[in-house]
Amino acid sequence: MTVLDIRDLSVDFATESGALQALRKVSMSVPENRIVGVVGESGCGKSTLINAILGLLADNGEVTSGEILFEGTHDLTTLAGTAMRDLRGQKIATVFQDPMGALNPVLSVGRQMRDIQYRSNLSRREKDARSIEMLRKVRIPDAEQRLVQFPHEFSGGMKQRIAIAMALMMEPSLLIADEPTTALDATLEVTIIELLKELQQQIGCSVLFISHHLGVIAELCDEMIVMYAGEVVESGTTRDVFHNARHPYTRKLLACDPARLTHRARRLPTIPGTLPDLRNRPEGCVFQARCELADATCSRMPPDEEIAPGHLARCWHTEASVMIGAGA
Amino acid sequence: MLRLAKIWRIVRRIVREPLGALGLGLVVLVVLSALFADVLASYPPTKLSPADRFAPASFQHLLGTDHIGRDLFSRVLYGGRIALSIALGATGASLVIGIMLGLIAGYGPRWLDNILLLVFDALKSFPTVILALTLVTITGPSLMSVVLVVVLVSVPGYARIIRTQTLVLKSAEHVMAARSMGAGSARILTVHILPNVIGPILILASMDIPVVVAIEAGLSFLGMGVRPPTPSWGSILNDGFANIRDSYWIVVAGGLPIILTTLGFTFLGETLRDLFDPRLKGRV
Amino acid sequence: MSDDALLSVADLHVHFRVGGLMSTLAGQPSHIEAVAGVSFAIERGRTFALVGESGSGKTTLARAVNGLQPASAGSIRFEGRELIGVPKDEWKPIRRRMSMMFQDPVGSLSPRLSVRSLLAEPFVIHGLSRRDLNAEVMRLLALVGLPSEFADRYPHQLSGGQARRVGVARAVALDPVLIIADEPTAGLDVSVQGEVLNLLNDLRDRMGLSMLIITHNLHVVRQIADRMAVMYLGRFVEEGETEPIFTKPHHPYTAALLSANPEPDPDKVHNRIALPAEVPSLLDRPSGCEFHTRCPFARDICATVVPPSTMVGASRITCHFPLNTELRLATSESI
Amino acid sequence: MLRYALKRLGLGIIIVSVAMMMLFAMVYVIPGDPASVALGPRATQEMVESLRARMGLDQPIWIQFARFYMSAFRGDLGTEVLSGRPVLTVVLEQLPFTLTLIAGAISWSVLLGIPLGCIAAVKRGGFVDRVIGVLSVAVIAVPSFVIAIYSLLIFAVALQWLPAIGAGEPGNVISQLRHLILPSLAVGLGWVGYIARIVRASMLETLEASHIRTARAFGLTDRRITYSYALRIAVLPTITLLGVGIGHMLSSSVFAEIVFARPGIGKLVYEAISVRNYPIVTGAVLVTTVFFVVVNVIADIVIGALDPRVRASFD
């Protein structure tokens, strides 16, 4: 079964200088019990995608086409307030990037963990016991004592653990993790990733993991999508995308990652050029201005070419693209 | 020419907001009537005519006359001159002093900052009017005393805001960058800090003009402001208050210009702030 | 440490005051040592990288070298001159020879100044405004590969990469011999990081610059630095040539940092050195080896005896039990 | 918490001391001899001299200051020149009237201002928000003494609904309340605006914080998010504002007391000034300053109790 199935999703933002198309015809799915990564650089539309799924788009944002099917039945783009709220926290949980701001500063951690269990019929003591159990799962030492403490009394890494504990407390079927390790140091980052992986297997939920860090995606995710300027340019299993990328952008992005260079290079690879203006999208392929393979065909919208079963690239030149970035 | 076009653009943006249009209209009305008081007034503001005492509003006396027969309309016009010049002068002086002290406190050594903060806090802990009354008893009621009171009351506020901003900017990376290049304190304060803190404080100061108008009128109402017979809205209220039961129009004549001026400047200031510094919204 | 080094730092300490009178009276420490006895040297034309996690004291160390943060003890020799104790008004000529770049690409540019004024600023500060400033601005823009119309833009109109280029231009404006760069690639996308590192490498080769790079990003270090030092709680745990440290780290902390780098290959099997517990507070430094609270190889002696600083191979390390095997962080296994 | 409170109290004491220094400087150092002023132009040289000696004015300046300081800390603010009654007694007699007035003003402006601010924040950008916004600005702008005079004119003189003068019969609560309505209206009206605005602003700011986004992502109800998660943070600035606002209210109450001929500190000072009764003036200024500082210390302690971050930052 597919937990999350997004089809042809487009989102526009109204701005003073005209409509800005933040997402264009985004299709992706998160199968049951899998970890799906979303990777892309700033401005690629990762945050818009999450906000659209959670129904938390800013007031000037609007879904102009497509649907977001959750567990095959609910279309999240049309779900009304209360029904959406019932899904959030219950079936869909989220961990955000900024561990410092994610918890309410004037309420104790225990109170906040109790509050999100408001739907259950447990007594206050039982809810606290459940909170302690979750805090232990994310390896917070002295969980009982720490329940009465306030967020500022925890370090950044601890706060992110608490956020994960809260997200997984109701055993959701989908966990959305929005760059949960970006603000953390490298040694903390790997422990959080390992923790997430372990808890995902324990609970058996699906995870949508957003990151700009290719290494983290490679290590954690089963499948992945690559986004550029509001479009999914390539998707497939992590192995397919890393070993056999076919979209020129994906190939260049992978080549840029300095972690691939195990020896000192004369020149580091880069992607010359800049993102297109999303208020004024180019006709056809969104990457053509920065692509050396671009030709006349690229001014028409490229198809989602199937490279292998489940491996798609939105490009006219998926055959020729294997030459790109090969030198790296 | 460029400047004029820029000002015109700002005016058009202000007028597009209903509140801004109302505020700008009132301010223009008050300023013009003060500027052209000698043209508009049909009587000298201090001319007594005992025969016409306590005359209600009529075509001869648009707002009536007071207890010694002076024409209230003329007094209101000339009172506007006093109110506006004190407001501008005192606000300007407080701004200059406040900005300087704020920069010193924020950028200077820690001990000086601590001393200045204590002085600001102590000054602010005197209730304004009681402080003003005490001061005026010592210096005697006069225009300068009113200015002095305003400066004492408003400098701590400006200085504190500038200080906080300066403290934040002091460790900002662009200031560190300038320091690492060898820039001296004078350059850092004038080029890298002041331009970034002055905008909000100017808007706040423009919103303080009605407060100054109120302080002047209030002191004059208590007989502690400008000396009679100089016309002031506050002293008109004072004259009228003694006769409130029989001749209500005197207090009406004294109060209305105060209300219109404070509302006008406040509405204008609010609109300016919303347009140019939305971050300040809700600051009081 | 050779005498002809451009910059040599010896036993440098930097203190911060914490808490007020009350906490001092309550017997709590009134100072923390952000940098606690650090020595290193940078040769002319070479690049030295300081690596560490947040709170390790690397930024404080850089600021102390530049005189922005007063040092409390030790020595900093730059071009043969002792910098500690130099009076405030004599720093200016030194800062002309040594420039600094700050973390935030946009935030380190004064928001109300145009790119033109920002680029002219070094000349104005150093009383060189008789030069043709416009020509200098154009020269600098060309040097960092920005079109000349950027002169009239303001910082908020620049992307991170463009702002970083302006920062680089400001840093090299007066032909310094040393550039101190605090996280030069922080907040930039990977495709832009490469551009900035290429630019820095180019300029170093062309202008014969030396660089002190502060970063938490190990890939940056490998691509740009000749020597490196790993900092933990304000001290160096390992210092030496970059390449040997990457292939054969001797300090467990260095090894843990290197192993904490997820690699962009889904088939890699990771042999991680996991670090338990959290970084201790500087207010409460551990006894003995300060890393022993998190070290997976710690033994009894580590908790009590401060390890000596020793040379192992080409690196200077501070550890009782240096690792001595080739680091095999990840092994490729075809599945 | 105790440490935080003690620290805050210590700072308060220092501020009062500095304020006293300034007050002393203002009254005693600026030219004009209080003794001759107090006795009037017809007093003989000996009379002035003897009063100067009685007031300690013949001593060196620093001794005068030390005396002033020491006796003030003992609660001795001197005696009134003419009646010979202790100044503190005279001032404390009047204090309750002013406190009642301020308490009245605060209670109705808080009761009205907080809900209005919440409504405006929740209905942000709508018609109701705009109306509340304009009205708040308007009532803040108009000076309280003009409101006092106009409300006297309208409700007491023209309509004759409410009494115009005094504080009501002693012991008769109804009469006292009726006498309280107009003055507390004049003192509190602007505060309805202030409070509504600050509650609206900090409410909006809080609602945008990322922890509120987290709370939404956990599916908490809008009611709970607004009134339990956000309002708890949004009222904090209101408490600070009220602490500072006590100073403004003391000022407004001077006017209200004079306009409505109501006993109180303001009226006491005003009358003392017109007869140049200096000890009363300094005494009243000191008492109100101490009152102001104490209220602010309490406000800060309340905030410390409600916001754990503040407590931590003070350690």
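How many residues of chain D are in contact with chain B? The contact takes 48 residues of chain D and 48 residues of chain B, where contact means heavy atoms within 4.5 Å.

## Basis

This is a predicted model, in which local features need pLDDT of at least 70, side-chain atom pairs count only at pLDDT 80 or more, and totals for chains, interfaces and linings use all residues. Residues are numbered from 1 along each chain as its sequence is written, chains are lettered from A and ligands numbered from 1 in the order in which they are written, and side-chain values use heavy atoms, with hydrogens and water left out.

## Chain D against chain B

The size of an interface is often given as the accessible area lost when the parts come together. Chain D and chain B bury about 4,400 Å² between them. Buried area is the accessible area (1.4 Å probe) that two parts lose on being put together, summed over both. Carbon and sulfur atoms give 81% of the area between chain D and chain B. On the side of chain D, Y150(D), R197(D) and I273(D) supply 13% of the area buried against chain B, more than any other three residues.

R197(D) also forms a salt bridge with E270(B). A salt bridge is a side-chain nitrogen of Lys or Arg within 4 Å of a carboxyl oxygen of Asp or Glu. Here the closest N and O atoms are 2.8 Å apart. The count between chain D and chain B is one salt bridge. Six residue pairs across this interface are in polar contact, both residues at pLDDT 80 or more. A polar contact is a pair of N or O atoms within 3.5 Å; within protein, one must be able to donate a hydrogen and the other to accept it, and residues adjacent in sequence count only if both atoms are side-chain atoms. Several helices of chain D each supply at least two residues to the side that touches chain B, among them α8 (173-207), α12 (265-274) and α13 (278-306).

## Chain D: fold and domains

Chain D has 14 helices and zero strands. Helices (H or I, at least four residues) and strands (E, at least two) are DSSP runs, numbered from the N terminus. The C-alpha trace of chain D spans about 85 × 55 × 35 Å along its principal axes. Its domain assignment gives domain 1 (2-87) and domain 2 (91-314); such bounds come from an automatic or database domain assignment. The C-alpha centres of the two domains of chain D lie 32 Å apart.

The area buried between domain 1 and domain 2 of chain D is about 2,100 Å², with 77% from carbon and sulfur atoms. In domain 1 of chain D, Y4(D), R8(D) and V87(D) lose the most area to domain 2, together 31% of what that side buries. Two salt bridges are counted between the domains of chain D. R8(D) takes part in one with D300(D), at 2.3 Å between the closest N and O atoms. Three residue pairs across the domain interface of chain D are in polar contact.

## Chain C against chain B

What area is buried between chain C and chain B? It is about 1,800 Å², of which carbon and sulfur atoms give 55%. The contact takes 23 residues from chain C and 15 from chain B. L68(C), R112(C) and I125(C) lose the most area in chain C to chain B, together 27% of what that side buries.

The rule finds one salt bridge across the interface of chain C and chain B. The side chains of R187(B) and E121(C) meet in a salt bridge, 2.9 Å from N to O. Nine residue pairs between chain C and chain B are in polar contact. On the side of chain C that touches chain B, α3 (91-97), β6 (98-101) and α4 (115-125) each supply at least two residues. There, α4(C) gives the most, with four residues.

## The sheet of chain A

Four strands of chain A form an open antiparallel sheet in the order β2-β1-β4-β5. Two strands pair if DSSP finds at least two bridges between them. The edge strands of chain A are β2 (18-31) and β5 (74-75), each pairing on one side only. Strands β1 (residues 2-15) and β4 (residues 61-70) of chain A pair over eight bridges. F13(A) stands opposite G61(A) in β4(A).
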